[in-house]
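Dear colleague,

Please find below the structure that I am handing over to you, together with its sequence. My findings follow directly after it, and I would ask you to read them with the structure open beside you.

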Amino acid sequence: MTPLLEVSGVSKVFGGLVAVDDVSFEIPRKSIVSLIGPNGAGKTTFFNTLTGLYKPSSGTIVFDGVDITAMRPDRVLASGMARTFQNIRLFSTMSARENVMVGQHARMSGGLFGSVLRTPKVRAEERLVHEKAGEMLELVGLSPSQFDQTAINLAYGDQRRVEIARALASDPLLLLLDEPTAGMNPEESARLTRFMTRLRDERGLTILLIEHDMKVVMNVSERITVLDHGEKIAEGDPATVRGDDRVIEAYLGKAAHD
Amino acid sequence: MSAVLDTLKTKLGQRGLVALALGLAIVFPLFFDQLATQMDVAIFVLAYVMMALGLNIVVGFAGLLDLGYVAFYAIGAYTVGWLASDHFTGVGGESGIHVLVSDFVGNASGIHINFFVVIFAAVLIAAALGALIGLPTLRLRGDYIAIVTLAFGEIIGRIALNGDEITFGEYQLTNGQQAISPVDQPYIPFANFEFDSAFNLRPYYWTGLLLLCFTLFVNFRLRDSRLGRAWIALREDEVAAASMGVPLVRTKLLAYAAGASLGGIAGSFLGSYNNAINSNQFLFSFSIFVLAMVILGGMGSIWGVTAGAFALAVIDRYLIPEVFDDLPSKVGLDFQLTQLSFGIFGFLLVLIMVLRPEGLFPERRRKMELTEGVGTDESVFEARG
């Protein structure tokens, strides 16, 4: 089977700064892959390049057999790649449910005239989207009493969950999670780890994860890619990466007497 | 259970209030003479509220500041001027072109199309131009959008003013300050009823009320739709909205087009009622006036904007010129209050901004954005066409 995502030679340059430097990698279908690296390694820039927020300076991105290099973000989402953000970006004045409904935008068809006339088709679509939003919120573990709460009033951990629900609502093939356990306690992190495994096993989702919590990374990922200064310095299963000299060096620094 | 009852009560209460207001609006003309000043004022109020509601879609829902909304008033009005007057004398030969018009104009030369058909043309033209003005603003944010829209309003205003020099064949585009006049009065073909604003203003009033109800209906339906959610989403966070599948260009253009088409309706109505389409009706100050209605009432709040527009329109068309105009002379001052109109509006706006910055009847979200500092303007991505 062809990989779900094939990135070849992608670079992103801002002025003189090479944020992502000639990175190539693949994500096999139905796997959980982690992207790690020290702060400023270019992980989030890489995410933004994948999802169309940035145009890559060079290289190609092929997703599910389609070249999505430099495609608009909304098209990337429609093609089946959904993401969350490192610093939560919910629509804060909307309720949790409305947020998740926006996540389904690309899967809906109601336009200007349909909305004004509220045709039976639009009405049915709205009802389905409303229901599905509830299902997604339940899936990520929100209680029904929270569905109609305004996003900004939810607890931090719950906001993270709503963001995941919003991404899941678009029926993605690939879910990109940017530091999903940031700010969570160990118990919550463990729950999220189990949840990711469930998504893969039960829903056949592929997940690409940026994560700093090594416990989560080592537990959940089949493969790990390590970035440092925008370059890919290591790749492999958790055990290999853990023992890699360059990775240790990137995280801990080079010994002075070396 | 009691909570459910409470919401039902308030919802019923709200509906009752709306029904009462609508009932009063319907019977309002019966309390006044057919040609009373109050009737004239009421017709302007209806048109202004319509325009404010149209602008509300662009500014209130989608959060795109538009300082050139007068352009759509002009376009609506000129559509009436072009398609329902003898401006294009000679088009269609000796007999002219007539569509569903009364016998009275049935033999006149030029293009004479029924007002109720012309409205549709105005909607289409305004929507197309609305989308056109949206195009150059798509790569811009915030204040920069405002400046482009301002320029667009000015361009349309200038074209209207100098349109008497823009000629094709023997025809002028706009007649400039000479005005295109007279304009055909609306006519209901199957009832064989022609409006006559020289004798009775009631038909105009009720037509305006009907159009206003339609405008309100469109506002509500759009707010609670897929598109309405997308507008709020992109207003709050463009990056997240795009990443969640909202196509920015399309969604913004639809906001401009929808807002513009409602402005086109109001413009054609007012153009027809004014019976003269004159370039000096379409000034920058009018854009600001409509924007002030939206801000005063509470951006994004449909009833708020309705109330804000109602208040400013009544002050502008009635209280200042009709009721208090001679107030200064009564206290021995040598000027009329109408000369101070804009000063008064400015004062009112400042007052509202100090006392109630979210507007008279704020929309819940807007209020949160103001009081809790919600909403980001951060730009992490490279704007795309």
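**Contact between the chains**

In this predicted model, 32 residues of chain A are in contact with 31 residues of chain B. On the side of chain A that touches chain B, the elements that give two or more residues are helix H2 (73-78), helix H3 (96-103) and helix H4 (112-117) of chain A. Sorted by class, this side of chain A has 15 nonpolar, nine polar and eight charged residues.

**Chain A as a whole**

The secondary structure of chain A consists of 10 helices and 10 strands. Its radius of gyration is 19 Å, close to the 18 Å that the globule rule gives for 258 residues, so chain A is as compact as a globular protein of that length. Along the principal axes, the C-alpha trace of chain A spans about 75 × 40 × 35 Å. Of the 258 residues in chain A, 45% are buried. When the contacts in chain A with a separation of 6 or more are considered, 67% of them are accounted for by residues 24 or more positions apart.

**The two domains of chain A**

The domain assignment of chain A gives domain 1 (1-80 + 172-258) and domain 2 (89-171). The C-alpha centres of these two domains of chain A lie 27 Å apart. Nine residues from domain 1 of chain A and nine residues from domain 2 of chain A take part in the contact. Helix H2 of chain A supplies the largest share of the domain 1 side that touches domain 2, namely three residues. By class, that side of domain 1 of chain A has six nonpolar, one polar and two charged residues.

Strand S1 (residues 5-14) of chain A has two pairings to note. With strand S2 (residues 17-27) of chain A, S1(A) pairs in the antiparallel sense over seven bridges. These two strands form a hairpin with two residues between them, and A:Gly15 in the turn has a positive phi of about 55 degrees. With strand S4 (residues 58-63) of chain A, S1(A) again pairs in the antiparallel sense, over five bridges.

Is helix H1 (residues 43-50) of chain A largely enclosed or left open? Seven of its eight residues are buried, so H1(A) is largely enclosed by the rest of the structure. The buried residues of H1(A) are A:Lys43, A:Thr45, A:Phe46, A:Phe47, A:Asn48, A:Thr49 and A:Leu50. Just after H1(A), A:Gly52 takes a positive phi of about 90 degrees.

**A loop glycine in chain A**

A:Gly141 is found in the loop between helix H5 (120-139) and helix H6 (156-168) of chain A. This residue has 16 C-beta neighbours inside 10 Å and therefore counts as partly exposed; a buried residue would need 20 or more. From C-alpha to C-alpha, A:Gly141 and A:Phe63 are 29 Å apart in space, and they are 78 residues apart in sequence.

**The largest nonpolar core**

The largest nonpolar core has 177 residues, and those with the most contacts inside it are B:Ala52 and B:Met293. Helix H2 (residues 37-61) of chain B gives the most to this core, with 17 residues. Domain 1 and domain 2 of chain A both give residues to the core, so the core lies between them. Which residues does B:Met293 touch, not counting residues up to four places away in sequence? They are B:Tyr48, B:Ala52, B:Val305, B:Gly308, B:Ala309 and B:Leu312.

**A sheet in chain B**

Three strands of chain B form an open sheet in the order S1-S3-S2, and the pairing is mixed. Strand S1 (84-85) and strand S2 (97-99) of chain B stand at the edges, each with a single partner strand, so one side of each is left without a neighbour in the sheet. S2(B) runs parallel to strand S3 (residues 111-113) of chain B, and three bridges join the two. In this pairing, B:Ile97 stands opposite B:Ile111 of S3(B).

With kind regards

Terms used: Residues numbered from 1 in each chain as written. Chains lettered and ligands numbered in written order. Predicted model: local features only at pLDDT ≥ 70, side-chain atom pairs only at ≥ 80, totals over all residues. Core = buried A, V, L, I, M, F, W, Y, C linked by C-beta atoms within 7 Å. Buried ≥ 20, exposed ≤ 12 C-beta atoms within 10 Å, placed from the backbone. Helix = DSSP H or I, 4+ residues; strand = E, 2+ residues; numbered from the N terminus. Domains from an automatic or database assignment. Contact = placed C-beta atoms within 7 Å. Pairing = 2+ DSSP bridges. Nonpolar A, V, L, I, M, F, W, Y, C, P; charged D, E, K, R; others polar. Rg over C-alpha atoms; globule rule 2.2 N^0.38 Å.
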